[in-house]
Amino acid sequence: MTDSDYMRMALELAEKGRGLTSPNPMVGAVAVRGGQVVGTGYHPGPGHPHAEVFALEGLEAGLRDVTLYTTLEPCSFVGRTPACVDLILDRGVGRVVCAMEDPDPRVAGTSVGRLKDAGVKVETGVLLDAAEQLNEAYVKHRLTGLPFVTLKLAMTADGYLATASGDSRWITGEPARIRAHAMRAAADAVMVGLGTVLADDPELTVRHLSGRSPQKIVLDSRLEIAGRPEAKVFQGERVYVACREDADVSRALKVESAGGTLWRFPGDRPSLRGVLRQAAEQGFLNVLIEGGGSVAGSAMAEDVVDRLALFVAPKILGGGVRAVEGMRLDHVADAVPLEDVVVEPVGEDILYTARVGERSRGG
């Protein structure tokens, strides 16, 4: 087997931590001696040992004949757990192969440097693209201070989320809903607007499959949700309500009594970028925006969406709530381009996923 083969194994291990590791990255590690795998591991979540610890567990010191494959540069600082680079040096590992260097400024190549200085053979960049894609949310969070944002919408073939009366159950079929809940399970937080809460009274939990339910963010400038203390959004995982800095005090008290945590922002309404920056400070790497139409339009207009996931049902409404509202572009050249498009059937529906590209903003 080659370095790429062992690294591919490490990447598959890292994937087991999806939805569980934030604010840490997903990491997998494989220890190899004489062409034989002698240890494996992945990071299961904050406070638990890192992947390298599990991979080297049970191996005696003096491991000059061992190669350690890890999907991310070993950490070099002490946090909730000891620094992995110290463990590797203490155990005497002879060779380390990293898929990518850690973008976290507390690491950012320092572990690679320490290992090389100690005489350890180090190689980086093996399956780099796959490793960066695996931890795209972590990379964005560390480099920009913002979470990776997916905008998920369930719509008819003519682009409506609901009828004129607000009825949206169910636009898509059960297979699509199961797939959407898998997206929730992989997210740290799910974001909706007040209109969605008032119209649908959603739980925003993971159902139909096993997985961790995300925390919740509701955009509500004037804290109108105070009039709905029985709303399902207040049940289960914590809900953060983004509101104006000068929101009514009595409403604030009602929201907090119902279990909500307030995020206050200046101006008439919180900017999505400001809310997302607050989410990143909370440790959220992945945020899933689920609507409604005005929130989707604001997210696209403010250029905060990284990936689009559209579930398109074979139905025509002819009117109702548009999937994306309020952008009001004057020129086709100003449209938001979509890249790396993938189209796949999900039951009777179609899932259309794409990366959001850079707008030319032509005239």
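## Salt bridges, charge and backbone in a predicted model

D104 counts as buried at 3% relative accessibility, where buried means under 20% relative accessible area, exposed means over 50%, and partly exposed lies in between (1.4 Å probe, protein chains only). The model is a predicted one, in which local features need pLDDT of at least 70 and side-chain atom pairs count only at pLDDT 80 or more, while totals for chains, interfaces and linings use all residues. Residues are numbered from 1 along each chain as its sequence is written, and side-chain values use heavy atoms, with hydrogens and water left out.

D104 is the partner of R106 in a salt bridge whose closest N and O atoms are 2.9 Å apart, a salt bridge being a side-chain nitrogen of Lys or Arg within 4 Å of a carboxyl oxygen of Asp or Glu. R106, at 49% relative accessibility, counts as partly exposed. A search of the whole structure finds 19 salt bridges, and D3, R95 and E123 are linked in a network of them. Three pairs are set out here.

| Salt bridge | N to O distance |
|---|---|
| E15 and R18 | 2.4 Å |
| R106 and D104 | 2.9 Å |
| R355 and E136 | 2.2 Å |

R355 forms its salt bridge with E136. Because R355 lies in strand 16 (residues 349–356) and E136 in helix 6 (residues 136–144), the pair ties together parts that are 219 residues apart in sequence; helices (H or I, at least four residues) and strands (E, at least two) are DSSP runs numbered from the N terminus. R355 counts as partly exposed at 30% relative accessibility, whereas E136 counts as buried at 15%. In the pair of E15 and R18, E15 is partly exposed at 34%, and R18 is likewise partly exposed, with a relative accessible area of 37%.

The chain as a whole has 11 helices and 16 strands. Its radius of gyration is 23 Å, close to the 21 Å that the globule rule gives for 363 residues, so the chain is as compact as a globular protein of that length; the radius is taken over C-alpha atoms, and the rule is 2.2 Å times the number of residues to the power 0.38. The C-alpha trace spans about 70 × 45 × 45 Å along its principal axes, and 50% of the 363 residues count as buried.

Some backbone details follow. Most residues other than glycine have a negative phi, and most peptide bonds are trans. L223, in the loop between strand 9 (215–219) and strand 10 (239–244), has a positive phi near 55° and counts as buried at 0% relative accessibility. S22 and P23 are joined by a cis peptide bond with omega about 5°, and P23 is found in the loop between helix 1 (3–14) and strand 1 (28–33).

Helix 11 (residues 293–301) has buried residues, including G293, V295 and M300, and the helix is followed by D303, whose phi is positive, near 60°. D303, in the loop between helix 11 and strand 13 (307–313), is partly exposed, with a relative accessible area of 39%.

Together with E339, D340 and E358, D303 gathers in a patch of negative charge on the surface; such a patch is made of residues with over 30% relative accessible area and no salt bridge, like charges being joined within 9 Å. E339 has its place in strand 15 (residues 338–346) and is partly exposed, with a relative accessible area of 41%.

Note on methods
Patch = residues over 30% accessible without salt bridge, like charges linked within 9 Å, V, L, I, M, F, W, Y side chains within 5 Å. Areas by Shrake-Rupley, 256 points an atom, 1.4 Å probe, with all protein chains shown as cover. Lys, Arg positive; Asp, Glu negative; His and termini not counted. Charge placed at Lys NZ, Arg CZ, Asp CG, Glu CD.
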